[in-house]
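Open the model in your viewer and keep the selection tool at hand. The stops below say what to select next and what is there.

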Amino acid sequence: KEVYTISTIAEKLVECRGNKTQAMVAKETGLAQSTIAMWALGERVPTDKNKIVLAKYYNKTVEELFFSQ
């Protein structure tokens with residue numbers, strides 16, 4: 001399996017967020033909204049710890065969110 005590119009990760013996270021705002025996701029996960037925004041814009045990639053938080057939040061595996069199938 002290959003790691004997605006930063007732009008693909010950004011797209012995937014925005015897709016998973018759906019109709020929720022970045023602020024809602026931030027509040028529900030305990031992550032900073034500014035951090036979530038940087039991920040959505042493709043400016044940063046989540047740390048391994050935050051990949052796990054996001055995977056649990058979106059009810060996905062880390063592999064589904066961050067690695068090509």
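Contact here means heavy atoms within 4.5 Å. This is a predicted model, in which local features need pLDDT of at least 70, side-chain atom pairs count only at pLDDT 80 or more, and totals for chains, interfaces and linings use all residues. Residues are numbered from 1 along each chain as its sequence is written, and side-chain values use heavy atoms, with hydrogens and water left out.

Select Leu 54. Leaving aside neighbours within four places in sequence, Leu 54 is in contact with Leu 13, Leu 31, Trp 39, Pro 46, Leu 65 and Phe 66.

Next, the core. A nonpolar core is a set of buried Ala, Val, Leu, Ile, Met, Phe, Trp, Tyr and Cys residues joined through side-chain atoms within 4.5 Å; buried means under 20% relative accessible area, exposed over 50%, partly exposed in between (1.4 Å probe, protein chains only). The largest such core has 14 residues, and Leu 54 is among those with the most contacts inside it, as are Ile 36 and Tyr 58. Two or more residues each come from α1, α2, α3, α4 and α5 (62-66). Helices are DSSP runs (H or I, at least four residues), numbered from the N terminus.

Now select residues 22-29, helix α2. Which of its residues are buried? They are Gln 22, Val 25, Ala 26 and Thr 29.
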